[in-house]
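Visitor: I would like a close look at a single part of this model. Please take one residue and its surroundings, and then say how the chains relate.

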There are 2 protein chains.
Amino acid sequence: MTTLVGDATIVGIGQTEYSRAAGRSETQLAAEAIVAALADAGLTSDDVDGLVSYTIDPVEETELVRALGTPEIGWSSRVPYGGGGSQGVLLHAAAAVLSGAAEVVVAYRAIKARSGSRFGAAQTVARPTSSHSGTTAMQWCAPYGVLTPASWMSLNAVRYMHASGATSVDFGRAVVQMRAYAATNPNAHFYERPITLDDHQASRWVAEPAIRLFDCCLETDGAAALVVTRAASAPGASPPVVIAAASASGLFEEEIASNHYRPDLSFMDGSAVLARRLFDETGISRDELDVALIYDAFSPMLLLQLEALGFCERGEARHFIADGNLSPTGSLPCNTNGGLIGEGYIHGLNLTLEAVRQLRGTATNQIRDARTALVTASRTGVILRRG
Amino acid sequence: MTTLVGDATIVGIGQTEYSRAAGRSETQLAAEAIVAALADAGLTSDDVDGLVSYTIDPVEETELVRALGTPEIGWSSRVPYGGGGSQGVLLHAAAAVLSGAAEVVVAYRAIKARSGSRFGAAQTVARPTSSHSGTTAMQWCAPYGVLTPASWMSLNAVRYMHASGATSVDFGRAVVQMRAYAATNPNAHFYERPITLDDHQASRWVAEPAIRLFDCCLETDGAAALVVTRAASAPGASPPVVIAAASASGLFEEEIASNHYRPDLSFMDGSAVLARRLFDETGISRDELDVALIYDAFSPMLLLQLEALGFCERGEARHFIADGNLSPTGSLPCNTNGGLIGEGYIHGLNLTLEAVRQLRGTATNQIRDARTALVTASRTGVILRRG
């Protein structure tokens, strides 16, 4: 058993505005989110001694330390890739504080996915290595025109549709729920802009027959940050949230975005392994969860993850959703910030902030007395508990 | 105190040949070194569940997992930069196993610094960010022709020469000692090729008046790997080596290679902080050390580190060396593999392998009954002990 458990604790969260044009550098965005998270924790940049981000995050640690004015750090690490690795920063931060390597670790992601290099755009240079994008296998699909994240994912989604009978309407029902959450979240891009299923069905194809425009997450500018300490070191400023379990797995022949080489394209076995680690190996039950934040880069992936994580049987996610289980009164209120599709895409780390808000009781779409939350992104995830 | 201590243990080491033209990819080199390290530990690639390397290492985790055939990993992290961060992989690996996040972690570095993109060559594209090279400040020195690692370092070295009175002859004495070690190490590039001080002084200037050709480490192709577990999990195949202390610090305004912004260019205060962490905070005495491996990208940096680490007073390193303290019978036998200048430059990780060999009693230039070793690279370092 190698699921990290213990009393590593999230004591602060911070973010910038999420926008389409931040008008400042990623380093600036990261620093702003971090300073906000530290203030939320009752700490300052003098207290920071650890930094964790992603290999694909553009901010240099040396520049960030200079921008923050932090005197000395003692831990610095990057999680390979982002997206599916997004919850891996919590694993790193928890390992750093639990092992004694650091006391106050900041996990952050800064991104200009809209005003900078657009994240959903075609990547016409298929580099076989060195990009640390985790998508080296795209060299094999690129010659066939599969050049964008939506098209990479559509290969899996179409196979899933064939195997399960799910259709665009089923994906649309999930999107309608997330847009309903976003509509009441002032932090969301789609605040006050709910949609109907007809609206979803009228949105143009991005990768027919799986992914319409409204199935896609939002290319977003912004930054998000969390502060992690040991429970005993937690300042009193904010209600602490314990990282009850954290895991970041990787399977043989599992790619990150262009994940086309596992035996069954219609099943996310990386998420099944994650569920084994987070639930089976820790003894934490799915029934304990009050809210779930599940990485929704594209809506079909939400259905695949619901099945692989064990919330319903294979092929049953469309019924699970149609039955209202993701709604505020359902069995698994899900993506209560509107998800990446409704709030914005800070590469998944904004989902973790929403989980913390739910467990503090400060979320806009607050689930009553939420005590336990799941945050997952494909093969990485955490279970968080009100401290 | 945030120096990592505990019983994380190095149970295997492996490497490829070190050469000027490996003739195969970095992924291949990494896999070969890892398989060798696992065999040394009595393990196989099926046992690995953690991978640690550097942001500047070109090998993709997804490709490496595929190459190794490892079924499932649960930890993956990268240390920002290499070089001065080289011992940071031991900190990461130790934190992973001590926190319970992984059981068998492999730390590795694969590099084609000679046949690939030559490491010492001029970098004419000064990217302000995103390169994860830790040298963002090079944008300020590049316009003045300071384009190579040797020229970056020479700014510090010249200031040190001015402040301490050290000369090229003093740097040469250190080099002659390392070449003497290399001359009896069949693994070294300069095996059977010792030099005299006159040879050193006759070598051409690379960055006058501080750095001659023989002061430079060797652009090398190859890979090195170590396997880390908890002591209780250590297989019986090899004598275990405990990571008694590990630290990786970073200071405000400290850059990696182009480190020109701390108050005093003639003093490596990053190494002084490292010494505080490794010795003062742990209670381990410098007197306990039987052997030291100190990052010698360029020989002047060795003198600066000897002073900052507290082995002699400021300005006294040249006398410390002239007195023979780095020799096999000195107070601090140093870089017994020939160092990066004599053996080769696997970005510093080959120094760690030599420390393990010394503590196992299997080094070519074996220090009698070595029980405790220091390995440092600027601001990162470990103290290793025979288990």
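**A threonine in a helix**

Guide: A:Thr352 sits in helix H12 of chain A, which covers residues 349–360; helices (H or I, at least four residues) are DSSP runs, numbered from the N terminus. This is a predicted model, in which local features need pLDDT of at least 70, side-chain atom pairs count only at pLDDT 80 or more, and totals for chains, interfaces and linings use all residues. Residues are numbered from 1 along each chain as its sequence is written, chains are lettered from A and ligands numbered from 1 in the order in which they are written, and side-chain values use heavy atoms, with hydrogens and water left out.

A:Thr352 has a relative accessible area of 0%, so it is buried (under 20% relative accessible area, with a 1.4 Å probe and protein chains only). Leaving aside neighbours within four places in sequence, A:Thr352 is in contact (heavy atoms within 4.5 Å) with A:Gln87, A:Leu90, A:Leu226, A:Val375 and A:Leu384.

Helix H9 of chain A, residues 299–308, is mostly covered, with 10 of its 10 residues buried. Among them are A:Ser299, A:Gln305 and A:Glu307. Just after H9(A), A:Gly310 has a positive phi of about 90°.

As for confidence, chain A has a mean pLDDT (the predictor's confidence in each residue, from 0 to 100) of 93, and 96% of its residues reach 70 or more. Over residues 126–130 of chain A, the pLDDT is below 50. For the complex, the predictor gives an ipTM of 0.96 and a pTM of 0.96.

Terms used:
Helix = DSSP H or I, 4+ residues; strand = E, 2+ residues; numbered from the N terminus. Buried < 20%, exposed > 50% of the residue type's maximum accessible area, 1.4 Å probe, protein only.
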